[in-house]
Amino acid sequence: MASTTKHPVLSRRALNRATLDRQLLLRRAPLGVEEAVAHLLGLQAQNTKPPYYALAARLDGFRPEQLSDLMESRAVARIVTMRSTVHTHTAQDAVALRGLVQPGAIDRELAIFVARKGLDGVDLERLAVLSRELVEERPRTPKQLREELLKEWPHADPQSLSLAARCLLPLVQVTPRGLWGRGGQVALTTTDAWFGDGVESGEKDGEGAESDRAVLRYLRAFGPASVKDMQTWCGLTRLAEAFERLRPRLLVFHNERGTELFDLPDAPRPDEDTPAPPRFLPEFDNLLLSHADRTRVVTPEIRSRTWQGNRAFSVFLLDGLLAGLWHLDEAKDRTTLTIEPFAPVTRAQRAELAAEAERTLRIMTPPGTSYDIVHKDPSEQAA
C-alpha cells in the first residue's frame, strides 16, 4: 500500500531531465557497447536497425560494427522479452530477463493462442520438448519449425505451433540476423545452445530477489518511476510487493498529478534547466515505451502522430521532448535524412537539428557516402 506521507514533487520537466540522463541522452556516454546495452536493460529490436540507431544517439564514438561484432561473438543476442517483443540483450540479460518476464506478457500471449483453438489436442509439454530438440539440433526458421511440428500435430494451426514454441522456450534469433549491413532471415535456437553453460540467469538468493534486482536496474535506467511505469515496461503485474520491500532503500517523490514515484538515492536528477540537445531516435525506442505515463517525454496532443496502425515512426527530440519525425531514403549512391517537425522551429533549433542529423549520418553510413539533410518545416516558420 502506498504511503500517505507527503513527498517532494518532481515537475514534468525535472522528470524529463532525469530520464534523459539515465537513458544517456543528455550527453553521449563514453561507455562500451556491451556495458551500455546492459545499463539500458536491452534495446527494442522489432526491426534490425533500431538498436544501432539507439546506440548512435547515446554513445560517444559508437560505430555500428561494434554491436554487430558483439552479436557475432554471442555476447549479445536478439530474443523475445519485455512486452513479448524482440529486444537486443547481453547474454546474461537474455537469460535472466526472459525468465523474469515469462509469467507476464509471454504467458498471456501463449494463452491467447490456446484460446483461439489453434492448438486443440496439442500437448504443450510435448511441444516444448520437441521444439527444443529441433532447434538445438540446428537453428531453424519459424517455417521450418512449423513444418516439423505439423508432422506431430497435422490438424493444428501452423502459425500457432511456432508461436507457442517461441512462448514456451527462450529462443534466440541467431546471426546473421541483425548484423549490420548483412542480415538474414530469422532462425532460432535456445539460449542454452547459443550461449553455452557459462551464462547464468542470476543469483538465486531468496524469494523476490530477482524481481528486486530488476526494480533497482529499471530505476537506474528509467527512473524516477511508478510501479505502473515498470509494469508497462516489462509486461508484468503485481510488482508493488517488490517496491514495498525496497521502499526503505529508495527515495520517494510525487509527480504533478500526485502519483508516487520511486528512485535510487544515488541516481542523477539534473536541474530541470539542464540543456537537452536534439537526438534522433529509432522507432520503438525504449525511451518512448517504458512508462505508463509518457508525458515526461511525449505531450498528449502529439502522441497519436507518432504511430499509424501498428507502425511506429522514427522521432526526434527538441529540448528533451518528442518534437517531430525523421526518416531515411537510402538510395544506392546517396542517403537523404528528412526532418519533419510537428511545430515551427527557430533558426537556432534548425541548425542544431542539422548538426545532429549530420553526426548521425556520419556514424551510420560508410565513409565517403554522400548524403542530404532535408527539412520539411510547417508552413509558418518561427523567427
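**Ground rules.** I'm working with a predicted model, where local features need pLDDT of at least 70, side-chain atom pairs count only at pLDDT 80 or more, and totals for chains, interfaces and linings use all residues. Residues are numbered from 1 along each chain as its sequence is written, and side-chain values use heavy atoms, with hydrogens and water left out.

**Cysteines.** I looked for disulfides (pairs of cysteine sulfur atoms within 2.5 Å) and the structure holds zero.

**Cores.** Next I went through the nonpolar cores, meaning sets of buried Ala, Val, Leu, Ile, Met, Phe, Trp, Tyr and Cys residues joined through side-chain atoms within 4.5 Å. The largest has 50 residues, and those touching the most other members include Leu149, Trp153, Leu161 and Trp233. Helices giving two or more residues to this core include H5 (91-115), H8 (158-168) and H10 (209-222); helices (H or I, at least four residues) and strands (E, at least two) are DSSP runs, numbered from the N terminus. I picked Leu161 and listed its contacts (heavy atoms within 4.5 Å). Leaving aside neighbours within four places in sequence, Leu161 touches Leu119, Val122, Leu127, Leu149, Leu150, Trp153 and Ala156. Another core, of 33 residues, lies apart from the largest one and has Tyr52 and Val345 among its members.

**The sheet.** Then I traced an open sheet of five strands, in the order E9-E12-E13-E14-E15 with mixed pairing; two strands pair if DSSP finds at least two bridges between them. Which strands stand at the edges? They are E9 (279-281) and E15, each with a single partner strand, so one side of each has no neighbour in the sheet. E9 pairs with E12 (residues 315-318) in the antiparallel sense over three bridges, and Leu281 stands opposite Val315.

Definitions and conventions
Buried < 20%, exposed > 50% of the residue type's maximum accessible area, 1.4 Å probe, protein only.
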